[in-house]
Each structure stands twice: as C-alpha cells, then as structure tokens.
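Here is a friendly briefing to read with the model open beside you. Please have your viewer ready.

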Amino acid sequence: MTTDELDAILASANVKGSQIQRTELEAICRSVCAIPAAEFIEAVTQAPGLSWDDGQTRPAGYFEIHSRHWWIDMSDAGNRQHLLAVTTAAALVDALRLNFSISWVTRVWPAVLAIQSISRRDDGLHLGLVRQGVTPIPLNLAASVNPSDYADFTKAVDGAPAVLPLEGGGTITFT
Amino acid sequence: MTDHLARLCFDGPGSSGSYTTHAFSLRLSGVRQPLDHVVYLHEVHHAALNDVTAWGSALHVYARLPGDAGQQFIPLLDACRTTHESLATFASVQIASARHGALDGVLAAYPSYVPLYEAAVHLLSPVQGPNRRQLMANALARLCMQTPVLEEIAAVGLGTFRLAAIRDIDRPDARWNWFARQGPALAGVAAAAADRALVTNFDRATLDSDESGGDLYTSTDRSHDEAWDYWEAAAYERLRAALSAGGARTLSFNGHQDGSAALLALVAAEHGDIGLRAAMSGEQRHNDAALASSVLQQVRHDLSGGEPYCAVLLPPAGIAQVAELAGGDGDAMIVDARPAERLAALYRWPGEALPERLRVPGGPVVAVRVLTDHREPGSVIGHAVLETPDDLTALSGFWNGRGPLAVCVSASCLADRGWAKRWLPAFTSAGPVFVLVDIEPDRFVPAWARDGRNVTVVGLDVSDTAARRTALMFTADAGTIWWLVVADDVTVRLMAEYLRGQLGSLLSSDAQSLRAVRDAMTALVSHLLATESFTSFDALGGGHDNR
C-alpha cells in the first residue's frame, strides 16, 4: 500500500490543499459509500497526526468538551496512509454490506487484503484489491480484534464476487 | 435521570468541562449562562450514562485498578467516546434550551460537537415531543452501553480481560454507528411502540404533556415519572429487538446490575476497596435530593483557570508582621483553615510537594493567605501559618477592627474533633466564622434534620468585572456560623434543592439574616475567588483523584 494511491481518492472527491477538515472528509466519504459521514470522520480522526489549533492532542483518559478545532496535515505520510486505509475500509463496509464499523475494518483489512491499484475514471473510483488468503490475526491486533469477527470478515472477503459496485459509481475488484 | 436534572436546572431563580469516571471538573466562564449550563449538563450526562450501564461499570472499575490491571481502561474508553459525546451533547443542548430558549448557536464555540449534535437530532427526528426525544436518546445510548462486557470480564478475570473478547457489534460506538446507519425510521418505530404501551397502561395525560413544541418542564412533572420510565423501557426494548436481530448480544434495561455486583465482588476479592461508590437505586433516581447529592459528589469548579495556583509557605514571622502583610493593600483580613491534604490538592507547591512543615500531625493548617501580586498571571499565594489559637487572638488584636476579619474553615477540618474543639473558641472570638462546604452535604445535613434544627438559607449572585458566580449561605444556629458554597448557579441550585429535600419545613429563606456579616461575607467570597484553586465536595474522599 503506497499513499500515492490516495491522490486518486482526493481527486475523485475534489479535495485539494494540505490540510483536511470535516468538509473534505465528508466529500471523500460520499465518493465511496453511503454510510453517514460521522462514522467515517470518527474513524479518520483516530489518525496519529491529528492536529489541534492549540497544539494539544486528543484527550486521553477522559471525556472533554472544548472549543478547539482539528485538522489533518496531509503532508504527513502516516496521516495519508491512515486516510487511505479508512477510505478503503468504508468502501468495503458498504460494498460488502458488513455489520462491522469502519474503524474496526480499517484496522483489520490490511491483514486480509492488499491494494493493487486505485484509479479515478469518469464513472468514479476503481479499487483493485488482492486477497491475501487465509491469515491468522496479526499479533498487533490480538488484544483488540475478536477472533469470531475476524473469521467472519475473512469469510466475507473470500466469498465476495470479483467485482462489486461502489456507491459513488466506481467498483471494487477482488483478485 | 435527566428529566430531574432538567427540572433542577430551570426550576426557580468560554467554558469547558471534563469528566473522568471519578468525577467531573468544570471551568465555567461565568459570562454566558446558557453556555455554562450546556457544559455543566454535558458532563453530568457522562456521569449518568456510566452509572447505569454495563460498559460504564467496567470503566468505573478499570479506571481504579492499580498498575497493569488498569491498562484496559483506555481501550474501553476509546470504544465508547462517540456514544458518550453524542448523548451528552444532545441532552445538554436540549435541556439548556428548555431553560434559555432556542440555542441554535450555542455549539458554535464547540465546533467538534456540532456534527454529533446534528447526527443525534437527525436520528431522533421522527420522535414527537421534547421529553420523548430526550428519553429516546437515553435509551439509545444506554442500549449501546449495555453489552456483555461484564460477563466476559468475569469469565476470564480482571487482569486477563482484553477488548478482543467483545465483538465489534457489542462495543458501544459500533452500536451507535449501527443505529446511525439504520437511519431515523427505527427511532420513530420505537417511539410509536412506546406511545402505544404508555396509553395502554397509563393515563393519556402523560403523553399529552409532551406535545411537539411543548414544554419540557410540564412533561417532566413528578406525577409523570412512572409513566415516562415505562415509556423509556418500552422504547429501549423495541430498539433492543432490532439490534439483536442485527447480531448483537444485548442486555435488558437494567441488565447490568447482576454483572456489576459480580464484578465488584471480584474486584474486592482481588484488590480490596478501590473507592467505588454504590450506584443509586431506581427509587433514589426519582428523589431530587438524592440526585442532587449524587451530582454534587462528583462536581469540581475550577476557579484558577486550569492549573492550580502556585503557593509558597512564608517563613515564620511575628504576628504583627503577618497582620501587615495580609492587610497590606486590602481592607479585610481572612484567616483560612484547611486540612493539609486539601492544601496539597488546592495548590502547586515548590517541588510539587506540600512543605514538610504543613504535614504535621496536629490537624488542619490555619493560615493567612498573602497574594504576592494578584494582578499578575502566575502570582504566588503565600501562606503565613498561625501555629496556635493564641496566634489568632493576637492577630485579631493587631488588626484592631481595621476592617472585617473573618475566619473561613473548610468543613473537612471539622472532622478532626480535637482540632475543632481547640480552635473554635478563637475562631468565634476573632470574627464571623464561615464554613466552606468541601464535603458531601450527606455528611452533616441529615443530622440537622434529625435534630429538628431550623436552617436559614440565602442565595447570592457574585459579579465581578470578568464573570458571574453564585454562592449559597446557610446557617443552622441563627447566624453564629455560616456555611458557604461558592460555585455556579447550577451547583448552588442543586445544593438548595438538596437542603429543601432533606429539611423540608425546617428550611427558610431570609436575606436580612445576612446583614450582620455582609461586609465580611463579601470580602470572603472575593478572597475565595482569588485564592482558592477550586471548590468541590470531595475533601473527605470519593469523587476526584488529584492527578
């Protein structure tokens, strides 16, 4: 997975600039799925490089109501990779009609699938994904991913048709 | 629970807040009351949701477990942030709107919460009546938090449990998102089912009290409590059936109770007392005094703008010098008494530790506070300690009536009866004595009620150039000693509600009764706002940790 593939997604959603905020994320969400954008944004804002206007980070260990604005710095490779992962997850959840949250699929799909290509055409985004075969839960996910969920997800991916339509007009192709 | 909070907020006369499972802390600007109310109610709803759900019980426990055993707290918390913030944001704006009118722009100051609010409004849009929308929001969030988490913890043990034991659809935020994907129709179906159940089993007047565009105050009248509980439970069951059909393992409305009890037994066996409070019973949730007490146990008002004030211990000095230092640019002298542990929490001391001299076993510390320069940010509050009651008597002599001299003893000091017996004669001789309430009112008010003591209460608005605060004064001995709460209007109203509930006809209001101490009281409140880092009611335990 290289983050250059994100450019096609950004172009498809007509997103420009080095800072991404809520409005841009809503556009990206709409380009790949019909899921409410709030869930997509929730998954994206778990990005490692989420920036706040006062330089602080998301509060850990407690809930807080505050007045700070956040944005995502798209010059950061980690942020780009995370946005690509979330967008792919959103497309999978919608196309496969999965009951899993986008956040959950974001963490799990790279263990089961690899991106072969992402391209933008007149009719929308086209994601080419390669099935990785049966793989055990990666060690880094063992504490947070339920084994039955993982099995269900891999089964859904294995059983998916070769081509599925995307909400925004494109496709996901599995090979 | 929230319907009672609503009434407590609107019955009778740039902020931020945070909530942990220990308590919630408020930094209210005192400039825009509607905004302050939204922030207050927001944090109250975090507390309320955790106190009635399985996931909340797990959070309460893991937040308090020592060492490695507590490491699952953050994963558990991260799995329910959206559910919590959605309910807290929706409910706080709705309830504050009932008091202040439409608050369309109130969240402009909190842009991250606007989408959560709008999403909740959309999800609940088919539900008629402001109270039913509120109850449906509660039911949704509650169902998201009522997962089999306690069962899984019990199965593998506290230290072994990992989030992986819980399926995605049984985690709160995944459930909230699942409902969001279903769209508003489901809430409409659940509301219609609950409406039908209510009119079958109760007088239709309850439903009629909650018309579209109606008044939340009318619909939450106490006479409707039972019927609305029934409505919420019926709506919950309808939502639960839909979620179960989606593959989730759900719990009944109060399905967390057995699991919570088992978890507490497990915790007690492995870790002893970790400071958990007992949850309120269903009956207590309908008792305004009990509800007020529960909120008061958990609230902290930050008066110092974030970090506690810096403080230093002044070197020992003669009493005359103390009198001059403290009265240097003021026309009043305030003598404060606080337990050493409270002083450690109230201030940042040099070396981040309370000075050794204050950690004496002789009881609470009596001191005069000296502001080095209260106009400067980062000013330091010097503490000149009075070692003995004779020092106070001497100080009073040196002061010689130059202006009011008042004593401010925190209520937590009075738990040390030997210390109180030794100092009280000097306090009462020196000037008016005020007891700053820093403990739960349950610790002293019920005794007044049992003894049949008449209590006089007076509420005060305190305005300075920057903000508006509220104080409550009450006396159970005809003005010899005044008990004092300094906070915001919601906390003061909760305290007044608590006093009314506990004391009934023993409580009366008489603003004239303050006449004899008005000057001292005015000076004291200004003094507290300038030098007390925070006020709260947990000085004798419970509530806040002081990390």
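This is a predicted model: local features need pLDDT of at least 70, side-chain atom pairs count only at pLDDT 80 or more; totals for chains, interfaces and linings use all residues.

Residues are numbered from 1 along each chain as its sequence is written, and chains are lettered from A and ligands numbered from 1 in the order in which they are written.

**Chain A at a glance**
- The secondary structure of chain A comes to 6 helices and 8 strands; helices (H or I, at least four residues) and strands (E, at least two) are DSSP runs, numbered from the N terminus.
- From the N terminus on, the order of elements in chain A is α-β-α-α-β-β-β-α-α-β-β-α-β-β.
- Of the 175 residues in chain A, 39% are buried. A residue is buried if 20 or more other C-beta atoms lie within 10 Å of its own, exposed if 12 or fewer, and partly exposed in between, with C-beta atoms placed from the backbone.

**Where the chains meet**
- The contact takes 28 residues from chain A and 39 residues from chain B, where two residues are in contact if their C-beta atoms, placed from the backbone, lie within 7 Å.
- On the side of chain A that touches chain B, helix 3 (37-44), strand 3 (63-65) and helix 6 (147-158) of chain A each supply at least two residues. Helix 3 of chain A gives the most, with 4 residues.

**The sheets**
- Chain A has an open sheet of 4 strands in the order 5-6-8-7, with mixed pairing; two strands pair if DSSP finds at least two bridges between them.
- Strand 5 (113-121) and strand 7 (163-165) of chain A each have a single partner strand, so one side of each is left without a neighbour in the sheet.
- Strand 7 of chain A runs antiparallel to strand 8 (residues 171-174) of chain A, joined by 3 bridges, and L164(A) has I172(A) as its bridge partner.
- Chain B has an open sheet of 11 strands, in the order 6-4-8-7-5-9-10-13-12-11-14, with mixed pairing. Its edge strands are strand 6 (347-348) and strand 14 (507-509) of chain B.
- Strand 5 (residues 333-338) and strand 9 of chain B run parallel and are joined by 5 bridges; M333(B) stands opposite L405(B) in strand 9 of chain B.

- Helix 13 (residues 225-245) of chain B has 21 residues and reaches 30 Å from its first C-alpha to its last. Among its buried residues are W228(B), W231(B) and A235(B).
- G247(B), which follows helix 13 of chain B, has a positive phi, near 105°.
- The largest nonpolar core has 204 residues, of which A90(A), M136(B), A235(B) and L484(B) touch the most other members. Such a core is a set of buried Ala, Val, Leu, Ile, Met, Phe, Trp, Tyr and Cys residues joined through C-beta atoms within 7 Å.
- Not counting residues up to four places away in sequence, M136(B) touches L124(B), V127(B), A187(B), A190(B), A191(B) and A235(B).

**A loop residue**
- G401(B) lies in the loop between helix 19 (389-399) and strand 9 (405-410) of chain B.
- Is G401(B) buried or exposed? G401(B) is exposed, because 9 other C-beta atoms lie within 10 Å.
- From C-alpha to C-alpha, G401(B) and A320(B) are 14 Å apart in space, and they are 81 residues apart in sequence.

How values were computed. The expected span of a helix is 1.5 Å times one less than its number of residues.
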